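Welcome, and please have your viewer ready. We will walk from one selection to the next and look at what sits at each stop.

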Amino acid sequence: PILASAHENGCICLWSIQGNLVKELLPFSKLPSVPLTALCTDISAKILLAGSKEGHIMRWCIASFLEDQQNNKNQIKEEACWRAHSTEVVDLFHEEEKNVVVTASTDGSVRLWNAMNGYYLGYYGQPRKFELSDTSRVILPCDVNTFPIIIKEESKYMEEEELEYPLVLDRDK
């Protein structure tokens, strides 16, 4: 068993039952780290979801890491990130059977998202029924203006590389 904790600096720590730090995760983003305010997994603990103070949801695949924590090749991969609310996410859960994520925010809204790609499906209290099967149309809530990001490559945390670019004056150009 592993215990996950979300922190003010935007990282997630995975702990053993004995209290030893097993792994530290940082979101794959160029944005500055923001406090994480909510965590959840699916029933089988293959997916880890985190909500942030700025309304973002991040999804990691943790299945291969949990199967063999000693194998360095079994990394935790961030798979998706999307803006779910314009204010702090206070709670979220993953409904595995329907493959949706439900988020709640301090803005008073409870919203439904496709768990795989972060597409918006609707909000609780809307006049129409939720259409869970149609994920071809990308729509956004009125207070969100960024589309979900699907991370296809292995996440390498944003580290500043020291590159040297000498300045050379070329009068011909």
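**First stop: Ser 16**

Select Ser 16, which is buried, with a relative accessible area of 14%; buried means under 20% relative accessible area, exposed over 50%, and partly exposed in between (1.4 Å probe, protein chains only). Ser 16 sits in strand β2 (residues 12-16). Setting aside residues up to four places away in sequence, Ser 16 touches Pro 1 and Val 22, where contact means heavy atoms within 4.5 Å.

Before moving on, a word on the model: it is predicted, so local features need pLDDT of at least 70 and side-chain atom pairs count only at pLDDT 80 or more, while totals for chains, interfaces and linings use all residues. Residues are numbered from 1 along each chain as its sequence is written, and side-chain values use heavy atoms, with hydrogens and water left out.

**Zoom out: the whole chain**

Now show the protein chain as a cartoon. It has one helix and 12 strands; helices (H or I, at least four residues) and strands (E, at least two) are DSSP runs, numbered from the N terminus. Reading from the N terminus, the order of elements is β-β-β-β-β-β-α-β-β-β-β-β-β.

Switch to a surface view. The protein chain exposes about 11300 Å², and carbon and sulfur atoms supply 51% of that area (Shrake-Rupley method with a 1.4 Å probe; for residues, only the protein chains shown count as cover). Of the 173 residues in the protein chain, 36% are buried. Among contacts with a separation of 6 or more, 42% are between residues 24 or more positions apart.

**Second stop: the aromatic cluster**

Select Trp 82, Trp 113 and Tyr 120 together and show their side chains. Ring pairs link these three residues, Trp 82, Trp 113 and Tyr 120, into a cluster. A pair of aromatic rings is described by the distance of the centres and the angle of the planes. Here, rings of Phe, Tyr and Trp (its six-membered ring) pair if their centres lie within 6.5 Å; planes under 30 degrees apart count as stacked, over 60 as edge-to-face and the rest as tilted.

How many aromatic pairs does this rule give? The count is two. Trp 82 and Trp 113 make a tilted pair, at 6.2 Å centre to centre with 45° between the planes. This pair joins distant parts of the chain: Trp 82 belongs to strand β7 (residues 77-83) and Trp 113 to strand β10 (residues 110-114), 31 residues apart. Trp 113 also pairs with Tyr 120; the ring centres are 5.0 Å apart and the planes stand at 55°, so this pair is tilted.

Keep Trp 82 selected and list its contacts. Beyond neighbours within four places in sequence, Trp 82 is in contact with several residues, including Gly 55, His 56, Ile 57, Val 101 and Pro 148.

Next, colour Leu 49, Ile 57, Trp 82, Leu 92, Val 101 and Trp 113. These have the most contacts inside the largest nonpolar core, which has 14 residues; such a core is a set of buried Ala, Val, Leu, Ile, Met, Phe, Trp, Tyr and Cys residues joined through side-chain atoms within 4.5 Å. Strands β4 (36-41), β5 (47-52), β7 and β8 (89-95) each supply at least two residues of this core. Apart from it lies another core of 12 residues, with Ile 12, Leu 25, Ile 62 and Cys 81 among them.

Move to Phe 93 in strand β8. Phe 93 counts as partly exposed, at 44% relative accessibility. Leaving out neighbours within four places in sequence, Phe 93 is in contact with Cys 40, Val 100, Val 101 and Val 102.

**Last stop: Gln 75**

Finally, select Gln 75 in the loop between α1 (63-67) and β7. Gln 75 is partly exposed, at 28% relative accessibility. Not counting residues up to four places away in sequence, Gln 75 touches Lys 23, Cys 61 and Ser 64.
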